[in-house]
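Please look over the sequence and the model before reading on.

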Amino acid sequence: MTVVCLYLDGNRLICLADSRITGDERQIFSDNVSKIMILPVVVTRWGNNMQPVVASQLRFGFTYAGSTLLAFSAYAALSSACQTLASTNPKGPPSLEEIAGFLRVVVTKISN
């Protein structure tokens, strides 16, 4: 069973998780696997000279419970996709809610 703890300490967000991976019949595969990863998000837009310009850079925390194969597959797909986002919105980059919605769609597709 995976345990993830997320809490606010002053102005710092702290995330903790166990590091054990098990298989059938509670067979232990490893006690040293990271279940917390950084997911970089880079949004570009077209500049005046038709060259891509970074509009925003964010970092999300990514953690999981359940299938390690599924989680790492989702992380790999999200990591690639989230570093190549483009915005045509002249008002600015996508909102946090829009990016979170995109992440939800990708993870749902991978998990089905």
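In which helix is Ser79 found? Ser79 belongs to helix H1, which covers residues 68-82; helices here are DSSP runs of H or I with at least four residues, strands are runs of E with at least two, and both are numbered from the N terminus. The model is a predicted one, in which local features need pLDDT of at least 70 and side-chain atom pairs count only at pLDDT 80 or more, while totals for chains, interfaces and linings use all residues. Residues are numbered from 1 along each chain as its sequence is written, and side-chain values use heavy atoms, with hydrogens and water left out.

**Overall form**

The protein contains two helices and seven strands. Read from the N terminus, its elements follow the order β-β-β-β-β-β-α-β-α. Its radius of gyration, taken over C-alpha atoms, is 17 Å, well over the 13 Å that the globule rule (2.2 Å times the number of residues to the power 0.38) gives for 112 residues, so the protein is more spread out than a compact globule. Along the principal axes, the C-alpha atoms fill a box of roughly 60 × 40 × 20 Å. Of the 112 residues, 24% are buried, where buried means under 20% relative accessible area, exposed means over 50%, and partly exposed lies in between (1.4 Å probe, protein chains only).

**The sheet**

Three strands make up an open sheet of mixed pairing, in the order S6-S5-S7. Strands S6 (52-63) and S7 (85-86) are its edges, each pairing on one side only; two strands pair if DSSP finds at least two bridges between them. Strands of a sheet pair through backbone hydrogen bonds, either parallel or antiparallel. Strand S5 (residues 36-46) runs antiparallel to S6, and 11 bridges join them. Val43 has Ser56 in S6 as its bridge partner.

**Two serines**

Ser34 is found in the loop between strand S4 (28-30) and S5. The C-alpha atoms of Ser34 and Ala17 are 8.2 Å apart, although 17 residues separate them along the chain.

| Residue | Relative accessibility | Class |
|---|---|---|
| Ser34 | Ser34: 41% | Ser34: partly exposed |
| Ser79 | Ser79: 14% | Ser79: buried |

Contact means heavy atoms within 4.5 Å. Not counting residues up to four places away in sequence, Ser34 touches Tyr64 and Phe72, and Ser79 touches Leu39 and Pro40.
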